[in-house]
Amino acid sequence: MKKHNFNAGPCVLPREAVEAAIEAIRDFDGTGIGLLEISHRTPGWERVMAETEALWRDLLNIPDDYAVLFPGGGASTQFFEVPANLMKTKAAYLQTGVWAKKAIKEARFFGDVEVVASSEDKNYTYIPKNYTIPTDADYFHITTNNTIYGTEIHEDISSPVTLVADMSSDIMSRPVDVRKYGLIYGGAQKNVGPAGVTFVIVRRDLLGSSERKLPTMVNYSTFIGAEPRDNSMFNTPPVFAIYVMYQTLKWVKAQGGVEAMQKLNKDKADLLYAEIDRNPLFVGTAVKEDRSLMNVCFVMAPGHEDKETAFMTFAKERGMVGIKGHRSVGGFRASIYNACPLESVEALVKCMRDFEKQ
Ligand SMILES: *Cc1c(COP(=O)(O)O)cnc(C)c1O
């Protein structure tokens, strides 16, 4: 039976990227040696690093005065690297979910943190709107897509202070006006690759702005090489994860770039939300205007709560994988990232209809 992968992360990757990675493990770049067995100093690898960075710059229109880095450690490591590098005395955070809360906790090790608004009062089902960003903060941190709760900030907001964004789960899903941000980071394993590599896009004039003495590996400047091909090569980079990311970005480009991704993502999300709104058995958890195009969260409608296990079994029997909601929301979550085909969303919608008929 065909499986439809709705895992929240790690998650579905483009088939082409997976196949290319398998081939590269056997034989990297026609060298007769596998990707996992070469030195990261071989010229073929340096070319992959340079091309991966070039794809990021091309797809997101990243200006030259921004550095693009690929460290390890995941987004969770950035929760403390961001304040270590950018916070002198104070930072402001928007608390829109568990990941934002974790980022806030780490930032408190480095100075004052002002939480300008939080949607915790309603289990993070909405994005707070009317808040004031303090102008004495060194930066303002947002989480653009709340993977667990299925809410998303759909536009590049304006901030009077440096804007920092955790874009782990919606990077490359839409065009981004990079100029509006001082720093963008995330783990690759939601929308741009496998686990193991992190992306950091940082405006160069912000480097060293905390004036703090930093351990070498915490300092972003460490990852900027003398030559572009030396970027992210201070120590051994996560070679395999970067290679799969490289292939994933080539796929994004071949599909028509982030504009094409946005259109496809919108079509998929519209289809699924329309069914959730139509089908009397289900109800969405996020407020409509803040609904995520990446993670679609829904529960059984009032009066039908007892059918949750039955639907889970029904869906599983029809090849649906990874639709169990996060424990803090319950119900269901379908993650429909870039590489999730429209066909999978259509199959899930059909499954919801068939369950209703039955
Ligand atoms: C998954 C996720 C994280 C955590 O990423 P790791 O790479 O596992 O540390 C952080 N923020 C958001 C928005 C996420 O979706």
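Helix α3 (residues 74-86) packs with helix α4 (residues 98-107) at an angle of about 40°, their axes lying 8 Å apart. The model is predicted: local features need pLDDT of at least 70 and side-chain atom pairs count only at pLDDT 80 or more, while totals for chains, interfaces and linings use all residues. Residues are numbered from 1 along each chain as its sequence is written, and side-chain values use heavy atoms, without hydrogens and water.

**Helices α3 and α4**
- Axes are lines fitted to C-alpha atoms, for helices over the stretch in contact, with angles from 0 to 180 degrees between N-to-C directions; helices are DSSP runs (H or I, at least four residues) numbered from the N terminus.
- Ser76, Phe79, Phe80 and Pro83 of α3 meet Trp99, Lys102, Ala103, Glu106 and Ala107 of α4 (heavy atoms within 4.5 Å).
- This contact of α3 with α4 includes six nonpolar, one polar and two charged residues.

**Helices α7 and α8**
- The axes of α7 (residues 308-317) and α8 (residues 342-357) cross at roughly 130° and come within 10 Å.
- α7 and α8 are therefore oblique to each other.
- Ala310, Phe311, Phe314 and Ala315 of α7 make the contact with Cys351, Met352, Asp354 and Phe355 of α8.
- By class, the contact of α7 with α8 has seven nonpolar, no polar and one charged residues.

Conventions:
Helix = DSSP H or I, 4+ residues; strand = E, 2+ residues; numbered from the N terminus. Nonpolar A, V, L, I, M, F, W, Y, C, P; charged D, E, K, R; others polar. Parallel < 35°, antiparallel > 145°, perpendicular 65-115°, else oblique.
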